[in-house]
Every structure is written in structure tokens, then in C-alpha cells.
Amino acid sequence: MQAVTPLAEEVDAVIHERTRLAMVAALATREQMSFAELKSALRATDGNVSAHARKLEDAGYIVATKRFEGRMPRTEYALTDTGRKALNTYLAQMERLIGSMRAI
């Protein structure tokens with residue numbers, strides 16, 4: 001039987017944080033989402049969305065596109081191929097971890 005600790009250490013810490021996991025999961029279901037849509041879906045503050053989006057951008061998991069609609073700024077986020085692969089890897093890791101715990 002595999003030890004639980006090594007499996008837990010494999011988990012992607014960038015995605016594992018609750019808000020970032022919710023962001024990546026939301027973006028996996030849509031081509032893109034605006035800042036306002038993410039904020040509403042996550043029930044998060046502007047600062048919270050910004051901070052977590054930056055962390056995901058730095059990891060290459062999401063990309064932000066900024067533009068103006070009239071005089072209003074609009075930021076839209078999309079999951080990158082790297083982000084989709086990281087999410088799939090994360091889900092597989094969680095499944096293995098859960099399976100190892102059920103085997104105990």
C-alpha cells in the first residue's frame with residue numbers, strides 16, 4: 001500500500017488553495033469569464049480575486065486580457081492549456097489520495 005504523505009506532497013499547491021481551485025474550475029467550464037463574473041461566482045472581494053488571479057497567472061494557468069468597453073475597463077480571464085493540464089493532474093492526484101485513504 002502507498003503511503004499517504006508522498007501522495008499529499010504531490011498535490012499542486014497553486015491549485016489546491018480553495019479560491020484558486022474554484023477559479024480554475026469555473027474557468028474550465030467556460031471559454032472565458034470577466035472579473036465581475038468570477039467575483040460573483042466566487043462571492044469574493046475585488047482584492048481576493050485579483051490576488052488569486054495573479055498567482056494563477058504567474059503559474060501560467062490562466063491568462064488575463066484587459067480592454068475597455070467605452071470608458072470602462074474590462075478584464076477577462078481564460079484557462080490556458082497549461083492550466084487545464086494542471087487541473088486534470090490535480091484531480092488525478094486527489095483521486096489517488098482519496099483511494100489511498102479508503103484503502104486504510
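Reader: How many bridges join β2 to β3?

Author: Eight bridges join these two strands, which run antiparallel; strands are DSSP runs of E with at least two residues, numbered from the N terminus, and two strands pair if DSSP finds at least two bridges between them. This is a predicted model, in which local features need pLDDT of at least 70, side-chain atom pairs count only at pLDDT 80 or more, and totals for chains, interfaces and linings use all residues. Residues are numbered from 1 along each chain as its sequence is written, and side-chain values use heavy atoms, with hydrogens and water left out.

Reader: What is the bridge partner of Ala64 in β3?

Author: Ala64 has Tyr77 as its bridge partner.

Reader: And what lies between β2 and β3 in the hairpin?

Author: Two residues lie between the strands, and Gly70 in the turn has a positive phi of about 65°.

Reader: What is the strand order of the sheet?

Author: The sheet is open, with three strands in the order β1-β3-β2 and antiparallel pairing. Its edge strands are β1 (33-34) and β2 (62-69), each pairing on one side only. β1 pairs with β3 over two bridges, and Ser34 stands opposite Glu76 in β3.

Reader: Turning to the core, which residues have the most contacts inside it?

Author: In the largest nonpolar core, of 24 residues, they are Met23, Leu27, Leu38, Leu56, Tyr61, Ile62 and Tyr77. Such a core is a set of buried Ala, Val, Leu, Ile, Met, Phe, Trp, Tyr and Cys residues joined through side-chain atoms within 4.5 Å; buried means under 20% relative accessible area, with a 1.4 Å probe and protein chains only.

Reader: Which element gives the most to this core?

Author: α6 does, with five residues; helices are DSSP runs of H or I with at least four residues.

Reader: What does Leu38 touch?

Author: Leaving out residues up to four places away in sequence, Leu38 touches Met23, Ala26, Met33 and Tyr77, where contact means heavy atoms within 4.5 Å.

Reader: Which residues of α3 are buried?

Author: They are Thr19, Arg20, Met23, Val24, Ala26 and Leu27. They cover an arc of only 160° around the axis, so they lie on the same side of α3; the arc is that of the directions from the helix axis to the C-beta atoms.

Reader: Why does Thr19 count as buried?

Author: Thr19 counts as buried because its relative accessibility is 7%. Beyond residues up to four places away in sequence, Thr19 touches Leu42, Asn48 and His52.

How values were computed:
Buried means under 20% relative accessible area, exposed over 50%, partly exposed in between (1.4 Å probe, protein chains only).
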